[in-house]
Amino acid sequence: MKSQLSAAVRKRGVRFAVVCLTANAALPITAIAKNFGTCTAGTTLWLSAPQASQGSLLLIEIRSTKPLAEVQGEWGGRSVPIWQEAARESQRKGLLAVDLEKAPGEFELKLTGQTATGEKISCSAMVAVKKGLFATEKLQVGKEFVEPNPEQVKRANEERQKLRDIFDRATPERLWDGNFRIPLDGVTTGSNFGKRRILNGNPGSPHGGMDLPGTTGTPVHAAQRGRVALAEELFFSGNTVVIDHGLGIYTFYGHLSEIDVKAGDTVETGVVLGKVGATGRVTGPHLHWGLTVERARVNPLLLAKLLSGSPGEEPRKKSPRHGVN
């Protein structure tokens, strides 16, 4: 199997890195082939997996034999967040985000930039996207969340546009510093990401976040440093906080019983944003944790894993079966 995979990778002329995405695994980048895509001399490109699926997140690393001055990335019509880690002047990292509903196929990843001495660099590679395997569930919720009245429809549409406007703005600088963490202590995994829902017998939109288990009043922590972009009650997600981490990366915290921050606040990793609750469209208390990267909705757990986040402090808890937003 391994030899067949290596042969396929060499045939496409790409260089891949493999990561283990189990809950407690470390995530080393290990090459399994010698060439990745097409790069200018002295430049190499690595990915954390050989292909992607709907709702997934891949870590990119570009390396040069010379110090880099700047690097930009583009994939599938979206920008790729690129940043420098500490004093590693000849390396840059980035995140390739595959939206939950992106059509399967192959899409070209393009990276361009220049060295500190002004030499142009570039890399390109085709990244395949396969269809995600998402379950379908049937849920009963309040009638107003399936058949809202005109006033509620107006409110929901205005809030949806407000969120779109937030996610459309990419703060040009990186605001986070270090590892991302899961926002509930003692929780290492969640459920329901990407699920197709049937609400009161009517098809609903895919579940764009992950449900984390927690009882009402459990503290909800910021996954990383950032600026609070929104802190208010919304129709569907109830009491909600959105944090801007810079470079188009946002984390979303919904259904809170209370909010302890306000829009515009700069928060550090682990700061309490509020408490777990059951506000908005829910079937029980839990935290709805979402991640948007350059407007793409992706599984937030992957961010904590790919950027070496802490999984929490206690043994794994059973995931909840409730929660619909």
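Good morning. I begin with the disulfide count, which comes to 1. The model is predicted, and every value I quote is computed from it.

The bond in question joins Cys 39 and Cys 123, whose sulfur atoms are 2.0 Å apart. It connects distant parts of the chain: Cys 39 belongs to strand E3 (residues 38-39) and Cys 123 to strand E12 (residues 120-130), 84 residues apart. The torsion about the S-S bond is about 120°, so this disulfide is right-handed. Cys 123, in contrast, has a relative accessible area of 3% and is buried.

I turn now to the aromatic residues. The structure contains 5 aromatic pairs. One of them is formed by Trp 75 and Phe 107, an edge-to-face pair with 5.6 Å between the centres and 70° between the planes. This pair, too, links distant parts of the chain, with Trp 75 in strand E7 (residues 68-75) and Phe 107 in strand E11 (residues 105-115), 32 residues apart. Because its relative accessible area is 3%, Trp 75 counts as buried.

What sits over the ring of Trp 75? The charged end of Lys 102 does, 5.1 Å from the ring centre. Lys 102 also lies over the face of Phe 107, at 4.0 Å from the centre of that ring.

Two further groups of rings remain. Phe 235 and Phe 236 have ring centres 4.9 Å apart and planes at 70°, so they too are edge-to-face. Both Phe 235 and Phe 236 are buried. Finally, Trp 83, Trp 176 and Phe 180 are linked into a cluster by ring pairs.

Thank you.

Key. Residues are numbered from 1 along each chain as its sequence is written. This is a predicted model: local features need pLDDT of at least 70, side-chain atom pairs count only at pLDDT 80 or more; totals for chains, interfaces and linings use all residues. Side-chain values use heavy atoms; hydrogens and water are left out. Rings of Phe, Tyr and Trp (its six-membered ring) pair if their centres lie within 6.5 Å; planes under 30 degrees apart count as stacked, over 60 as edge-to-face and the rest as tilted. Helices (H or I, at least four residues) and strands (E, at least two) are DSSP runs, numbered from the N terminus. Buried means under 20% relative accessible area, exposed over 50%, partly exposed in between (1.4 Å probe, protein chains only). A charge sits over a ring if NZ of Lys or CZ of Arg is within 6 Å of the ring centre and within 35 degrees of the ring normal. A disulfide is a pair of cysteine sulfur atoms within 2.5 Å.
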